[in-house]
Amino acid sequence: MGHRFRINKLHSEIASESTIRKVLRYLEDSETEPPYLLMDRAKIIEKVGLVGKRIKNSRVFYAVKANPDIEVLRLIDSLGIGFEIASEGELNILSAIGVGKERIISSNPVKSFRFLEMASSYGISNFSFDSIEEIEKLRDCSPGSNVYVRLLVPNEGSDWPLSKKFAVEVDVAEDLLVMAKKKGLNPVGITFHVGSQCRNIYNWNTALDKAKTLWDRAEKRGVNLSVLNIGGGYPIPYTQDVVDIETIDRNVNRLIYEKFPGNTQVFIEPGRAVVGDAGVFVSRVIGKAKRADEDWLYIDVGIFNGLMESIGGIKYSYIVESSRQEKKWTLAGPSCDSFDVIDKDILLPEPDVGNLILILSSGAYTVSYASEFNGFSIPETILI
Ligand SMILES: *Cc1c(COP(=O)(O)O)cnc(C)c1O
């Protein structure tokens, strides 16, 4: 259809050139009406191949909540890694595509009875916990299962912190491990999460230091551990380059080698890094306006149907179908809610109403968060 996009050097640092090329080729032939999310298969395959490659004795479990699209899950399943889940809904999809029980773990420290019963009858036997109440639930629903305690670690430098809602300090964690054993569970290890989109490599250092303290203290109390679950947190480029997976993993591998027993089993639960930069939203400009002295641009994807993370501070890069001059814009979604503002003061070439805008690195925590608020449908996901 002859779209003319303004692509600059930054864009090719954020998304792979091959991903951008594929998206543009798709747009040439496609009659699909925006908004929709394109997912680059090759990129997902590349990322799955990277995570954990440099960490000895590691197993990777994709955090399904980042993007639970069934075709995405089928692709990841075909690559042989496992899955981390939290709900009946997530288990239902995995069950539908035939993922075996030994490849599924659940690291949400607070799980519902219904989910625990379902997970347990499916045969899942690895769970996290961080409270007495959870130990009792696990004892009732899944006696003898392998459990790991969620340790509180710093989330500074992570764009989407996850430390306030869950996790306990070393003292409490130690007691909980002892209690889990007493109640007939099999306390196997420790888990933590450095925060999602963690751009600070030292978070892993601090986390592993703390985990080591807890590991030794548990041992002194008669609880011998074997599993270190380092969670997710690997960052992806949104508006700037980030530390790469190999650098993080080489560092983590060295620290584990230095601090923990040689046979320690490492679990890794990446979400964002597996699918985030494989995704590109195709959206359409539906309106423009000047309000006070601000220029507003309205597109058909907003806070409620895909860009929820904007409100937590995630910023995206955009490729605009326009060859006009750049201008400062307030970018807003399609709904009638004044909360539905994606970004302010962003420089973009001026499009016309009807032109397309591509939103880079939008494969994680976008469609999975989306609602049909105000009657705007959830964008379809298409693998390319
Ligand atoms: C969300 C989540 C992850 C994935 O985190 P990312 O930052 O997307 O890699 C991993 N583990 C647990 C327990 C989670 O809740």
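Modeller: Here's a walk through the ligand's surroundings, starting with some ground rules. This is a predicted model, in which local features need pLDDT of at least 70 and side-chain atom pairs count only at pLDDT 80 or more, while totals for chains, interfaces and linings use all residues. Residues are numbered from 1 along each chain as its sequence is written, and side-chain values use heavy atoms, with hydrogens and water left out.

So, where is the ligand? The ligand sits in the largest pocket, and "sits" here says that more than half of its atoms lie within 2 Å of the pocket's grid points. A pocket is an open set of points on a 1 Å grid over the protein atoms alone, with protein on both sides within 12 Å along at least five of seven lines, and its lining residues have an atom within 4 Å of a point. The volume of this largest pocket is about 590 Å³, counted as the space filled by probe spheres set on the points, which are joined across faces, edges and corners.

The largest pocket has 32 lining residues, and K65, E84, R150, L162 and F166 are the ones nearest its centre. Both domain 1 (9-40 + 276-383) and domain 2 (52-269) give at least three residues to this lining, with the bounds coming from an automatic or database domain assignment. By class, the lining has 15 nonpolar, nine polar and eight charged residues. In this scheme Ala, Val, Leu, Ile, Met, Phe, Trp, Tyr, Cys and Pro are nonpolar, Asp, Glu, Lys and Arg are charged, and the others, Gly among them, are polar.

Let's step in to the ligand itself. Around it are 14 residues, the closest being K65, S196, E269, R272 and Y365; to count, a residue needs a heavy atom within 4 Å. That shell splits into three nonpolar, six polar and five charged residues.

S196 has a polar side-chain atom 2.5 Å from an oxygen atom of the ligand, and for H193 a polar side-chain atom lies 2.9 Å from a ligand oxygen. G271 uses its backbone instead, with an N or O atom 2.9 Å from an oxygen atom of the ligand. On its own the ligand has 390 Å² of accessible area, and the protein covers 92% of that, by the Shrake-Rupley method with a 1.4 Å probe.

Note on methods
1 Å grid on protein atoms, 1.4 Å probe; cavity = no way out; pocket = protein on both sides within 12 Å on 5 of 7 lines; lining within 4 Å. Polar contact = N/O pair within 3.5 Å; in protein donor to acceptor, adjacent residues only side chain to side chain.
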